[in-house]
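Subject: Structure for you to look at

Hello,

Here is the structure I said I would pass on. Please open it alongside this note.

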Amino acid sequence: MGNAGDEDSKRNSRAGPPAAAKQDVSWIGAAFAPAMIGALLSRILHWSRSGVGPRLLAAVLLFSSIVTLTLTALQLYLDYDREVGVIETRLDEIGRSYTDSLGESLWNLDQNQLRLQLDGILRLPDIRAAEVHEIADRPNPIRVSVGERSTRSVVTRDYPLNYTAQGASRPIGQLHVEATLSDVYRQLLNRALVILASQAAKTFLVSLFIIYMVHLLVTRHLVAIAEFVSKYSVARPPPPLHLERRRPYDADELDKVIDAFNAMCAKLERAYDELRDANANLERDLKIRRRAEEDARASEQRFRDYAETASDWFWETGPDHVFTYISDRAGAFGMDRKALIGKRRCDAAFDRDAEPQKWREHMATLDRHEPFRKFEYRGRDVVGRVRHFSVNGQPIFAADGRFMGYRGSATDLTGQHETEERLRQSQKMDAIGQLTGGVAHDFNNVLTVITGTIEIIHEGLADKPELAAIAQLIDDAASRGAEITSQLLTFARRQPLEPREIDVNGLVVETAKLLKPILGEHIEIVTRLADDAWSAMADPSQLSSAIVNLAVNARDAMPGGGKLVLETANREFDGTGSADDGDVTRGAFVMIAVTDAGHGIPAEIRDRVFEPFFTTKGVGRGTGLGLSMVYGFARQTGGTVAIESEEGRGTVVRLFLPRSEGEASNRMGPVQAQAATRGRETILVVEDDPLVQGYVIAQLGSLGYRTLVAADGATALTLVDQGARFDLLFTDIIMPGGMNGRELAEAVRLRRPGVRVLYTSGYTDDTIIHEGHLDPGVALLQKPYRKSELSQKIRETLAGEPPA
């Protein structure tokens with residue numbers, strides 16, 4: 001026991017440092033090991049790429065390793081095959097030596113003898129397990145086994161066990177033997193390690209020797225040659241190159257390289273002297289040529305910049321006046337420059353046949369080789385659109401005086417022509433509007449007297465049906481005249497509107513219901529309404545009338561029947577209107593399109609369709625005011641109208657109305673006809689037309705009102721200054737004498753604050769209407785009016801809030 005204690009104490013003394021110290025050391029190793037390994041690998045990789053020697057070493061090692069591995073593998077295979085052959089021979093010997101005795105013991109059911117024999121087999125080299133089992137048709141047949149069976153690295157054999165009785169051999173069992181290959185593999189592995197270690201050491205030593213010799217004989221001299229070459233200067237040549245080594249008996253490859261290199265350096269020195277003289281002369285020539293090339297490039301770039309940034313484009317023709325060059329800028333105006341190359345200008349012109357004299361004079365100018373400016377003609381772009389061009393040209397002559405062609409520029413005047421055409425059309429429409437407005441004013445005065453007189457005649461002819469029918473005809477004619485003047489005022493943009501936010505889709509649907517009996521059964525009405533259509537700011541009654549007028553025109557264009565399409569959509573414009581969108585300004589608009597499949601409008605009259613009284617229908621079939629009313633309504637509302645038509649293909653009229661924010665409603669309550677209401681107030685009537693003045697006085701008197709009368713503003717102010725008392729100022733807007741109705745009302749209110757004013761006019765001008773809207777707080781009775789309308793408006797004005 002004492003010895004054991006001593007041994008334990010000795011073992012404890014040799015156990016090493018405590019656990020904490022081991023942990024510290026392992027931590028340091030874990031921290032530095034990756035960094036050290038990484039640095040070592042990096043240096044090895046860098047060294048292997050730094051020169052010929054390391055690469056040669058790597059190649060020798062790689063080749064030697066491959067040869068060594070190949071030979072080792074071949075030797076191991078031969079050894080393995082030999083060892084396996086020995087084991088198989090031993091198994092064959094077991095089959096020849098043991099099967100008879102094992103069969104005899106198994107026949108005698110002697111298990112002890114069987115186990116002894118199997119133990120003898122197990123003691124043989126490389127035998128791992130042996131087993132005998134009986135083949136018998138009875139319970140619990142004999143099975144005797146020794147050793148440990150395995151499924152890996154084994155060679156197995158099965159031998160039948162027979163017993164001969166009465167000359168016949170019977171199978172009575174089977175012998176199973178397993179031989180292991182583990183010892184074979186272990187010996188082969190040890191042998192492989194020995195071979196590889198010895199070969200690796202030999203290969204490494206040989207490779208180091210080769211590297212050393214290569215460095216001694218070759219690479220160090222190559223480094224010296226490389227340093228000499230890197231520092232060599234032809235301008236200041238160094239002494240000839242000599243290597244620091246013992247020269248062999250015969251010149252080797254390095255000596256030949258040095259001699260050839262020194263000879264080449266001598267030739268370079270001589271060539272450098274010659275080249276320096278040639279360069280001095282060449283440099284002078286190059287400076288002159290470089291300056292000329294730079295001037296040429298600058299001139300070419302300047303021309304290219306001008307050509308690409310100018311608003312015009314440039315062209316060039318040959319002596320036959322055929323285009324040879326057209327700048328890329330022409331493509332910005334829709335021209336196909338490649339298609340024009342090879343053509344003459346007159347061949348690409350659109351108006352050559354329409355204006356032959358102009359083209360004859362132009363071609364004569366070209367033939368005389370004279371310059372020309374601002375020659376205008378028409379052509380077509382790649383999409384077939386007619387464009388207007390203005391060209392300038394200058395003839396080109398060679399140094400010997402030969403005519404070379406023309407160079408010049410071209411300007412696209414299409415936008416300018418279209419703008420001028422729209423301006424002329426707008427000026428013409430404004431002039432017609434002013435004329436029709438003036439005519440409507442005078443005509444409304446006459447109609448006011450006629451409609452009022454007819455009402456009086458109606459009351460007196462109640463018991464005379466024949467004369468009452470004639471009076472009704474006169475009344476209908478007066479109503480028709482009032483409708484015409486209303487359409488004229490709408491075209492002239494002098495019709496007072498009552499715009500409000502409306503649901504365009506709802507109004508189109510309601511109007512389509514009204515159109516069915518108007519258009520007839522042979523016209524199919526189709527609506528295509530945008531789900532997200534905006535609300536519009538417009539007068540709903542005037543908009544409905546505009547749609548009806550467009551639909552009636554479409555019906556007349558389809559006498560055999562057809563389809564009428566009512567469409568709505570949202571449109572936003574950036575201020576650059578197109579032909580299909582009319583003269584639209586910047587903003588958001590709601591579009592209402594009326595499309596028919598009729599005979600279309602001829603191109604020569606398409607620009608006149610909005611003029612009042614212009615119609616292609618027969619006499620008595622139309623007044624020519626339908627489209628005029630639509631045009632005036634759209635412009636007064638703040639929008640526009642555009643028309644697109646082609647003969648035989650139908651017509652599309654697009655009405656653009658300004659968008660309104662918020663929700664809208666187009667529901668309008670039914671207008672109830674009201675009876676004339678009487679009163680006893682005093683009314684100051686200011687009317688310059690004697691007929692209208694007499695009519696108004698008579699009507700007001702029949703309604704019970706007292707009247708004061710003045711023919712102009714100055715007379716009315718005199719009555720006010722004289723102290724005349726009245727409850728309502730009823731004044732015309734357009735009057736002679738330099739004072740209109742609005743100015744008169746303001747002057748009266750200065751004298752009598754709070755006085756109520758009712759305006760009347762057949763032509764409102766811009767006095768009380770701005771941007772198509774009545775000014776806030778203004779009461780207006782439009783001419784012509786009937787007695788009931790006069791009575792109702794007077795009572796509304798008298799009952800309203802007094803002005804501030």
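Below is what I found in it, taken part by part. Keep in mind that this is a predicted model.

An unreviewed UniProt entry places the feature "transmembrane region" at residues 25-44 and 56-78. Over 56-78 the model is 100% helix and 0% strand. The end C-alpha atoms of that stretch are 33 Å apart.

Four-stranded sheet. This sheet is open, with the order β2-β1-β4-β3 and antiparallel pairing. From one strand to the next, the twist averages 15 degrees. β1 and β2 run antiparallel and are joined by five bridges. Valine 132 stands opposite valine 144 in β2. Helix α4 packs on this sheet and touches β1, β2 and β4 (168-180). Its direction makes about 30 degrees with that of β2.

Strand β5 (residues 313-317) pairs with β6 in the antiparallel sense, over three bridges. Tryptophan 315 stands opposite isoleucine 326 in β6.

Salt bridges. The count is 24, with a side-chain nitrogen of Lys or Arg within 4 Å of a carboxyl oxygen of Asp or Glu. One of them joins aspartate 126 to arginine 90, with the closest N and O atoms 3.4 Å apart. Aspartate 126 lies in the loop between α4 (111-122) and β1 (127-134), and arginine 90 lies in helix α3 (residues 52-107), so the pair ties together parts 36 residues apart in sequence. Another salt bridge links glutamate 293 and arginine 289, at 3.1 Å from N to O. Both of these residues lie in helix α6 (residues 253-309), four residues apart, about one turn of the helix.

Surface. Which residues form a nonpolar patch on the surface? They are Tyr212, Leu216, Leu217, Val218 and Leu222, with about 430 Å² of accessible area together. Leucine 217 sits in helix α5 (residues 182-231).

Best wishes

Methods. Residues are numbered from 1 along each chain as its sequence is written. This is a predicted model: local features need pLDDT of at least 70, side-chain atom pairs count only at pLDDT 80 or more; totals for chains, interfaces and linings use all residues. Side-chain values use heavy atoms; hydrogens and water are left out. UniProt positions are given in the numbering used here, feature names are shortened, and annotations may be inferred rather than shown by experiment. Helices (H or I, at least four residues) and strands (E, at least two) are DSSP runs, numbered from the N terminus. Patches are made of residues with over 30% relative accessible area and no salt bridge: like charges are joined within 9 Å, nonpolar side chains (Val, Leu, Ile, Met, Phe, Trp, Tyr) within 5 Å. Accessible areas come from the Shrake-Rupley method with a 1.4 Å probe; for residues, only the protein chains shown count as cover. Two strands pair if DSSP finds at least two bridges between them. Axes are lines fitted to C-alpha atoms, for helices over the stretch in contact, and angles run from 0 to 180 degrees between N-to-C directions. Contact means heavy atoms within 4.5 Å.
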